[in-house]
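Subject: Structure handover

Hello,

Here is the structure I said I would pass on. Please keep it open while you read the notes below it.

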Amino acid sequence: MHNLYVCNWKMFVDCALIDSFLKAYAAEALNMHQNTTIVVCPSFCFLGYTNDQQKVITQNSIKIGAQDCSQFATGAYTGEIAAQHLKQVGCLYTIVGHVERRKFFHENDEIVLAKATHLLCAGITPIICIGPFEGIFNVLDICMYVKKQVTFFMRNLDKNSTVIFAYEPHQAIGAGEIPSIHAIAEIFSYIKTAAYTFNPEAKQLIMYGGSVDEHSIKTLKTIRGIDGFLVGRASIDFQKLKNIISY
Ligand code: PGA
């Protein structure tokens, strides 16, 4: 098991909160988690700031990620953020295809594939969010849905690249309604099988996201095959994140 914790800070975290998170980390966690990778994903405008601050405050032990990127490599697309530019401000990871992007900005798997492709070209690891973004609740239907998605991405991305898949049940995001552990385990086995069929060397990591907190982590960590967690609300306060990591 890899211990990857990706903090999706959405639009909630400003400079003051970034500083207090990094200082709390430096005071309590520096050198504590040898096998743990923490990736923080602030909004675009604070990426460079967070990277500069983490170098000084946490001595480079926290990684920086973005919450999204443009589906275009470069060009006249006002307001868009290119993957290459994310690399220049220190991003090593980027979340793509989050449920909120799919629901509110109508992104589909073709758009997410374009983003993941540009990220890989820029040397950034894409964290591809999968799972139905609304409506589907039946476990077998979800298994089929994610299998199709993983097959689509694996078929179209460079086989040798490292990709992270994050399964997030839409009803769990921000809401506390986590499906049963059996259901999640079943869905993960479909994701792993689909990914490994295309790349037996298994460079793909698989994460869970959606209402991960100090309480849910206890059972979530019992699911075999989870390489890490995508954490929203509970990742803003470093103490809460620390409790999740150290459980
Ligand atoms: P949550 O968000 O942990 O607040 O449910 C997770 C996410 O949106 O990735």
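First, the ground rules. This is a predicted model, in which local features need pLDDT of at least 70 and side-chain atom pairs count only at pLDDT 80 or more, while totals for chains, interfaces and linings use all residues. Residues are numbered from 1 along each chain as its sequence is written, and side-chain values use heavy atoms, with hydrogens and water left out.

The barrel

Eight strands form a closed barrel in the order β1-β2-β3-β4-β5-β6-β7-β8, with parallel pairing. Neighbouring strands of this sheet are turned by 25 degrees against each other on average, direction ignored. Strands (E, at least two residues) and helices (H or I, at least four) are DSSP runs numbered from the N terminus, and two strands pair if DSSP finds at least two bridges between them. Angles run from 0 to 180 degrees between N-to-C directions, with axes fitted as lines to C-alpha atoms, for helices over the stretch in contact.

Strand β8 (residues 228-231) pairs in the parallel sense with strand β1 (residues 3-8) over four bridges, and with strand β7 (residues 205-209) over three bridges, also parallel. Cys 7 has Val 231 in β8 as its bridge partner, and Met 207 has Gly 228 in β8. Both faces of β8 are covered: Gly 228 and Leu 230 on one side, and Phe 229 and Val 231 on the other, are all buried. Buried means under 20% relative accessible area, exposed over 50% and partly exposed in between (1.4 Å probe, protein chains only).

Ala 66 stands opposite Thr 94 in β4. Helix α2 (residues 47-57) packs on the sheet and touches β2 (36-41), β3 and β4; the direction of α2 makes about 175 degrees with that of β3. Contact here means heavy atoms within 4.5 Å.

Gln 54 has its place in helix α2 and is buried, with a relative accessible area of 2%. Leaving aside neighbours within four places in sequence, Gln 54 is in contact with Leu 22, Gln 59, Asn 60, Ser 61, Ile 62 and Ile 64.

Pocket and cavities

Rolling a probe the size of a water molecule over the atoms shows where empty space is left. On a 1 Å grid over the protein atoms alone, a cavity is a set of points where a 1.4 Å probe fits but cannot get out; a pocket is an open set with protein on both sides within 12 Å along at least five of seven lines; lining residues have an atom within 4 Å of a point. Grid points are joined across faces, edges and corners, and a volume is the space filled by probe spheres set on the points.

The largest pocket holds about 360 Å³ of space. Of the 14 residues that line it, Met 11, Gln 67, Glu 100, Arg 101 and Phe 105 are the closest to its centre. Helix α4 (residues 99-105) gives the largest share of this lining, four residues. By class, the pocket lining has six nonpolar, four polar and four charged residues. Ala, Val, Leu, Ile, Met, Phe, Trp, Tyr, Cys and Pro count as nonpolar, Asp, Glu, Lys and Arg as charged, and the others, Gly among them, as polar.

There are two cavities of 30 Å³ or more. The largest cavity has a volume of about 120 Å³. Of its 14 lining residues, the closest to the centre are Lys 10, Gly 210, Ser 211, Val 231 and Gly 232. Its lining divides into four nonpolar, seven polar and three charged residues. The second largest cavity has about 30 Å³ of space, and its lining includes Phe 153, Met 154 and Gln 204.

Residues around the largest cavity

Most residues other than glycine have a negative phi. Lys 10, in the loop between β1 and α1 (15-28), has a positive phi near 45 degrees and counts as buried at 17% relative accessibility. Ser 211, in the loop between β7 and α8 (217-220), has a positive phi of about 60 degrees and is buried at 8%.

Ile 178 lies in the loop between β6 (164-167) and α7 (181-198) and touches Gly 210 and Ser 211, among others. Ile 178 and Gly 210 are 32 residues apart in sequence and 7.1 Å apart in space, C-alpha to C-alpha.

Regards
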